[in-house]
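Please look through the sequence and the fold below before reading on. The paragraphs after it are meant to be followed with the model open beside them.

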Amino acid sequence: MFKNTFQSGFLSILYSLGSKPLQIWDKEVVNGHVKRPQDEDIQSNVLEIVGSDLQSVYITCPADPNATLGIKLPFLVMIVKNLKKYFTFEIQVLDDKNVRRRFRSSNFQAVTRVKPYICTMPLRLDEGWNQIQLNLTDLTRRAYGTNYVETLRVQVHANCRLRRIYFSDRLYSEEELPPEFKLYLPTQVYAKS
C-alpha cells in the first residue's frame with residue numbers, strides 16, 4: 001500500500017477527525033460497535049471500538065486481506081483511551097529472513113511469550129488517554145534475533161477509543177510533534193471562592 005511511497009517523518013494510518021477515518025481499514029463487528037462518539041475528556045470525535053468478545057470486534061488495515069501496508073518507518077504510535085475493559089492490538093511485520101512475525105499486546109496478559117511466529121506482550125494502560133509507542137526494530141531483534149524490514153498489517157481489537165495511529169522514523173518529543181499529532185486535554189477552569 002505504501003511500499004512505493006517515500007517515507008520519512010510521520011505516516012498516519014488512522015485519524016479520528018478525518019472525513020473517513022476508516023477509509024483504508026476493514027472492520028469486523030459481532031456483538032459490539034465501531035463508531036465515532038465525542039470524547040468528554042478531549043472534547044473531540046474519536047473512534048470507539050467496543051464489544052463483548054475481543055476476537056469478534058476489531059478494525060484491520062489494510063482493508064484488503066491480501067494487501068500489505070509496506071511501511072518501513074520503525075516506530076508505531078497509538079493514541080488510545082483506556083476504557084477499563086480488556087483490550088488488545090496486533091502488528092504484523094516482515095523481518096530480514098522474509099518471515100512474517102506478529103506482535104500482540106494485551107492489557108490482560110501478565111508475561112511476554114515468544115513463539116516462532118507470534119510474540120505476546122503485556123500492556124499497561126494508565127487511566128484516561130495513553131500514548132503507546134512501539135520500537136518495531138528493537139522488538140523484532142529482541143524477540144527473534146532478526147532485523148525489522150516493514151510493517152504489513154495493523155489490527156486493533158475492542159475495547160478502546162482511538163485518536164490516531166501513526167508511524168514515525170524516530171520518537172519525537174511533545175514539542176517536536178506537529179499540532180495535529182498532539183492530544184490536547186482541555187484545561188480545567190476552577191471557580192474562585
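What follows goes from a sheet to one of its residues, and then to some loops.

This is a predicted model, in which local features need pLDDT of at least 70 and side-chain atom pairs count only at pLDDT 80 or more, while totals for chains, interfaces and linings use all residues. Residues are numbered from 1 along each chain as its sequence is written, and side-chain values use heavy atoms, with hydrogens and water left out.

An open sheet of seven strands runs in the order β2-β7-β14-β9-β10-β12-β11, with mixed pairing. Because β2 (26-29) and β11 (113-114) stand at the edges with a single partner strand each, one side of each is left without a neighbour in the sheet. Strands here are DSSP runs of E with at least two residues, helices are runs of H or I with at least four, and both are numbered from the N terminus; two strands pair if DSSP finds at least two bridges between them. Strand β7 (residues 57-61) pairs with β14 in the antiparallel sense over four bridges, and Tyr58 has His157 in β14 as its bridge partner.

Within strand β14 (residues 148-157) sits Arg153. Arg153 is buried yet has no salt bridge, the nearest side chain of opposite charge being that of Asp64, 6.1 Å away. Buried means under 20% relative accessible area and exposed over 50%, with partly exposed in between (1.4 Å probe, protein chains only); a salt bridge requires a side-chain nitrogen of Lys or Arg within 4 Å of a carboxyl oxygen of Asp or Glu. Lys and Arg count as positive and Asp and Glu as negative, whereas His and the chain ends are not counted. The side chain of Arg153 does reach the backbone oxygen of Ala67 at 3.5 Å. Leaving aside residues up to four places away in sequence, Arg153 touches residues including Cys61, Pro62, Asp64 and Glu90, where contact means heavy atoms within 4.5 Å.

Of these, Cys61 and Pro62 are joined by a cis peptide bond, with omega about 5 degrees, and Pro62 lies in the loop between β7 and β8 (75-82). A cis peptide bond also joins Ala158 and Asn159, with omega about 10 degrees, and Asn159 is placed in the loop between β14 and β15 (160-168).

Two other loops hold residues with positive phi. Asn31, in the loop between β2 and β3 (32-35), has a phi near 55 degrees although it is not a glycine, and Asn31 is exposed, with a relative accessible area of 61%.  Gln43, in the loop between β4 (38-39) and β5 (44-45), has a positive phi of about 55 degrees.

Definitions and conventions
A polar contact is a pair of N or O atoms within 3.5 Å; within protein, one must be able to donate a hydrogen and the other to accept it, and residues adjacent in sequence count only if both atoms are side-chain atoms.
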